[in-house]
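Please keep the sequence and the coordinates open alongside the text.

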Amino acid sequence: MLQHTTEAVGAHGTFHPFLLGWIVLLPLLGFLINGVLALMWWRRGPAPAGPEPSEQEAHAHGGDAHPGVEEQHPAPLDKPWTRTLPSLVAPGVVLAAFAIALVNFWGMLGAELHEPVIERYWSWMPVGSLQVDAALQLDQLSMLMTLIITGVGALIHVFSVGYMREDPGYPRYMAYLNLFIFFMLVLVLGASYPVMFVGWEGVGLCSYLLIGFWFKEQANADAGKKAFIVNRIGDAGFLIAMMLMFANLGTLSFSEVFAAAPGGLAYGGVVVTAVCLFLFLGAAGKSAQIPLYIWLPDAMAGPTPVSALIHAATMVTAGVYLVVRSSVLFTMAPTASLVVALIGALTAIFAATIGLKQWDIKKVLAYSTVSQLGFMFAAVGMGAYVAGVFHLMTHAFFKACLFLGSGAVIYAMHHALHATHNPADAQDMRNMGGLKRYLPVTFATMGIATLAIAGVPPFAGFFSKDEIIGAAWLGAGGTSPMAQATLLGIPGTAVMGFIGGTLTIAALLTAFYMGRMMLYTFFGPNRTGAEEERHLHEAGPTMTVPLVALATLSAVGGFLNVEHEVPIVGWFDFGQGAALHHWLHPVIAGSEEVVRANLGELMEPHHAWWPIVLAIVIGVGGLLLARALLNPDALRPAGVEPDYTSAPERVLYNKYWIDELYHALVVRPVNVVSQVFYRVFDRGIIDGIVDGGARMLQGIGLYTGTRVQTGQTNTYAFVIIIGVLVVLGAFTL
Amino acid sequence: MIAQTLPANAGLYLSAILFAIGVAGVMIRRNAIILFMCIELMLNAANLAFVWFSPFAGVQGQVFVFFVIAVAAAEAAVGLAIILAVFRHKETVNINEFSLLRF
């Protein structure tokens with residue numbers, strides 16, 4: 001392998017990346033091993049035709065109720081090593097990648113790099129003036145992302161061992177999961193937009209494969225398809241943005257684009273605004289923002305660890321990563337940035353309201369994820385890039401913990417319902433209740449994560465969410481680089497004031513629906529049924545250990561970035577200060593340069609008391625409000641308890657009928673137009689020309705052929721001789 | 001020796017006339033046996049031309065004639081067998097009756 005390693009010289013010495021390629025290659029290796037095992041199992045295993053009885057039974061328990069169903073129906077030809085080998089290989093390779101990432105992290109800590117380290121492997125697309133290398137880039141941002149992906153990813157792999165081991169498709173599941181980690185690492189470590197795009201598409205593929213993992217049920221397969229198609233819309237935007245960049249700057253590698261853009265494009269100009277808006281379209285598809293958020297709630301059809309890994313902690317944050325990575329461009333396009341921030345804020349409150357009235361425990365978390373991603377986009381849109389990444393990181397901790405916790409709940413519920421052959425839905429909160437007695441570890445860890453997401457100090461979410469809302473208030477005061485821009489004539493300060501208010505309400509709703517989820521799941525009387533109650537118990541250590549680890553991170557992750565000068569928050573400064581800000585500073589230095597060149601020095605932010613007090617009141621108040629307004633003791637099981645009781649609840653329960661609206665406005669017209677094209681254009685004109693031409697030739701052939709081919713030898717001889725005479729005549733002439 | 005006493009192109013004229021008779025026979029006659037004989041006539045017209053040219057062009061022409069005779073003998077054997085088989089089937093050798101191999 002060709003290697004041209006740039007060694008970067010930092011302030012405190014040189015830094016050599018350590019086995020950078022192996023971080024990416026190890027999960028790919030795991031994918032290959034598990035993939036071979038999956039194929040071998042498929043060839044030896046029971047005939048794939050027709051659903052196995054166990055899965056039909058699982059169907060009765062509702063969507064994500066498959067784990068462990070094989071306990072009473074062992075697959076007859078199952079070799080034990082198709083269970084044990086993936087259990088070792090899949091988490092093993094991710095852990096190894098995490099270890100290598102940690103070594104690199106120590107190296108970078110010592111070196112204090114100012115430039116990214118680029119490792120070039122081979123020339124991928126040498127087409128005319130387009131030169132794209134297969135190259136990886138390591139800088140502070142991709143380092144942080146790599147640590148999150150491999151670290152949280154490894155924990156979720158371990159959890160998956162417990163959650164999925166009994167599933168008939170276990171090796172296939174682990175293969176997809178490893179492949180996902182590979183593509184996600186390509187996404188964050190790629191040194192140019194096209195390499196990033198490879199990872200971008202790859203994670204989309206894995207998301208599709210894992211959402212539709214139990215593809216024998218139509219609904220699951222449809223959910224996968226929906227995610228894939230909605231993402232294509234965003235990907236078209238990403239592609240157009242790349243083409244615009246290449247047409248105007250002549251390059252696509254990160255370092256060259258960000259070096260050329262400030263001189264090559266006009267600040268706030270049409271080109272850079274268009275590039276940013278198209279990039280954001282891509283980000284909105286991947287990160288489930290309005291108007292492309294609809295796929296994420298449906299993606300909950302996949303196994304719960306997949307929801308934790310792909311649809312909460314890593315893949316869906318790729319859009320935020322894209323914006324932060326392109327911070328130079330977005331800073332140059334303040335109007336586009338305001339659009340990003342506004343859509344983020346609207347998504348945050350919109351999804352939060354839907355989350356208020358969902359009964360499926362995973363749906364609540366799904367809308368919560370959409371909402372939290374909205375917070376991140378609001379942050380990066382207002383130029384608070386570090387705040388966005390900070391929330392990305394803390395969200396990865398607490399949302400992964402919540403999803404895995406919900407997985408543990410569903411696992412326990414499913415086992416209990418399965419043992420008594422109860423067909424009730426294992427994911428419906430109306431069927432749970434009082435689970436803290438049976439699942440103490442899950443309750444404690446999910447409780448910590450709930451405090452974190454609600455924004456209760458000193459848990460992780462408090463610091464990151466407060467920084468975002470604080471950035472909005474500060475931006476309204478004029479300290480944001482987007483403050484002087486206008487959006488449709490509205491000044492940026494007003495837009496950011498609106499965003500601040502919206503996010504504050506969204507934060508209140510977040511605390512409320514999380515409190516509701518915890519109340520209905522863990523408090524009050526048990527609604528599972530007396531017989532089922534005896535079967536409720538905590539799962540093994542492969543599932544509880546990752547929960548505890550993630551809960552610990554959710555509790556202390558916020559201390560990584562404490563701004564000393566902010567009131568109250570500053571109390572938690574134990575000498576580390578705003579560590580994340582310093583760590584990520586080289587990444588966003590380019591955007592600060594743009595601000596300095598075009599806007600001069602910005603106002604020094606003045607941190608007031610009231611936003612912090614408000615944030616704490618909202619975080620604690622939302623949870624207390626849920627406790628005061630909702631009564632888990634009065635809740636009845638699903639089927640008895642109505643889905644909704646009032647008109648507003650009906651609107652929220654039906655998610656504002658957005659899916660139906662899209663179906664009427666997009667899907668149906670497209671289907672009608674397709675039908676018209678199919679019947680008129682394809683069947684009528686195209687097929688008409690082809691079939692008609694063939695039929696005409698057939699007719700001519702039949703008419704002349706039957707007359708020429710008489711069957712009389714003399715005729716043939718005559719024709720031959722005429723031919724010979726013609727040829728001879730031609731020679732003599 | 002004969003060639004020396006005859007006009008220079010006499011053999012070629014004879015060859016052409018024999019070939020034309022053969023061609024005309026193949027096209028006009030309906031009896032398969034006659035047709036076959038006409039084909040033999042055409043082959044031997046060609047042989048005559050080979051032989052006539054051999055004093056000018058070397059011995060290859062005469063060698064070629066032997067090949068043609070050998071192939072013609074083989075062809076006669078196969079051809080007559082086919083005609084015999086068809087006759088057993090149709091009880092005629094009129095080739096106007098043989099028109100099964102058409103679309």
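This is a predicted model: local features need pLDDT of at least 70, side-chain atom pairs count only at pLDDT 80 or more; totals for chains, interfaces and linings use all residues.

A:Leu488 counts as exposed because it has 8 C-beta neighbours inside 10 Å. Residues are numbered from 1 along each chain as its sequence is written, and chains are lettered from A and ligands numbered from 1 in the order in which they are written.

A:Leu488 sits in the loop between strand S6 (486–487) and strand S7 (490–491) of chain A. The phi of A:Leu488 is near 55 degrees, which is positive although the residue is not glycine. A second case is A:Ile568, with phi near 65 degrees, again a positive value in a residue other than glycine. A:Ile568 belongs to the loop between helix H21 (541–556) and H22 of chain A, and its 16 C-beta neighbours inside 10 Å are why it counts as partly exposed.

Most residues other than glycine have a negative phi, and most peptide bonds are trans. Chain A also has cis peptide bonds. One joins A:Ile290 and A:Pro291, with omega about 5 degrees; A:Pro291 lies in the loop between helix H9 (270–286) and helix H10 (295–298). Another runs from A:Pro457 to A:Pro458, with omega near 0 degrees, and A:Pro458 is placed in the loop between helix H17 (440–454) and helix H18 (460–476).

Now the whole of chain A. It holds 26 helices and seven strands. Its radius of gyration is 30 Å, close to the 27 Å that the globule rule gives for 733 residues, so chain A is as compact as a globular protein of that length. The radius is taken over C-alpha atoms, and the rule is 2.2 Å times the number of residues to the power 0.38. Along the principal axes, the C-alpha atoms of chain A fill a box of roughly 110 × 70 × 55 Å. Of the 733 residues, 53% are buried. Among contacts between residues at least 6 apart in sequence, 81% join residues at least 24 apart; two residues are in contact if their C-beta atoms, placed from the backbone, lie within 7 Å.

Chain A is assigned domain 1 (1–45 + 80–191), domain 2 (192–653) and domain 3 (661–732), with bounds from an automatic or database domain assignment. The C-alpha centres of domain 1 and domain 3 of chain A lie 55 Å apart.

What does the interior look like? A nonpolar core is a set of buried Ala, Val, Leu, Ile, Met, Phe, Trp, Tyr and Cys residues joined through C-beta atoms within 7 Å. The largest one has 246 residues, of which A:Ala378, A:Ala400, A:Cys401, A:Ala472 and A:Leu503 touch the most other members. Helix H16 (residues 385–419) of chain A gives the largest share, 23 residues. Both domain 1 and domain 2 of chain A contribute residues to this core, so it lies between them. Beyond its neighbours within four places in sequence, A:Cys401 is in contact with residues including A:Thr445, A:Met446, A:Leu547 and A:Ser554.

Helix H8 (residues 254–264) of chain A has A:Phe254, A:Val257, A:Phe258 and A:Ala261 as its buried residues. Seen down the axis of H8(A), these fall within an arc of 90 degrees, so they line one face of the helix; the arc is that of the directions from the helix axis to the C-beta atoms.

Chain B has four helices and zero strands. Its radius of gyration is 17 Å, well over the 13 Å that the globule rule gives for 103 residues, so chain B is more spread out than a compact globule. Buried residues make up 11% of chain B.

Between the chains, 11 residues of chain A are in contact with 10 residues of chain B. On the side of chain A that touches chain B, the largest share, five residues, comes from H26(A).

Key:
Helices (H or I, at least four residues) and strands (E, at least two) are DSSP runs, numbered from the N terminus. A residue is buried if 20 or more other C-beta atoms lie within 10 Å of its own, exposed if 12 or fewer, and partly exposed in between; C-beta atoms are placed from the backbone.
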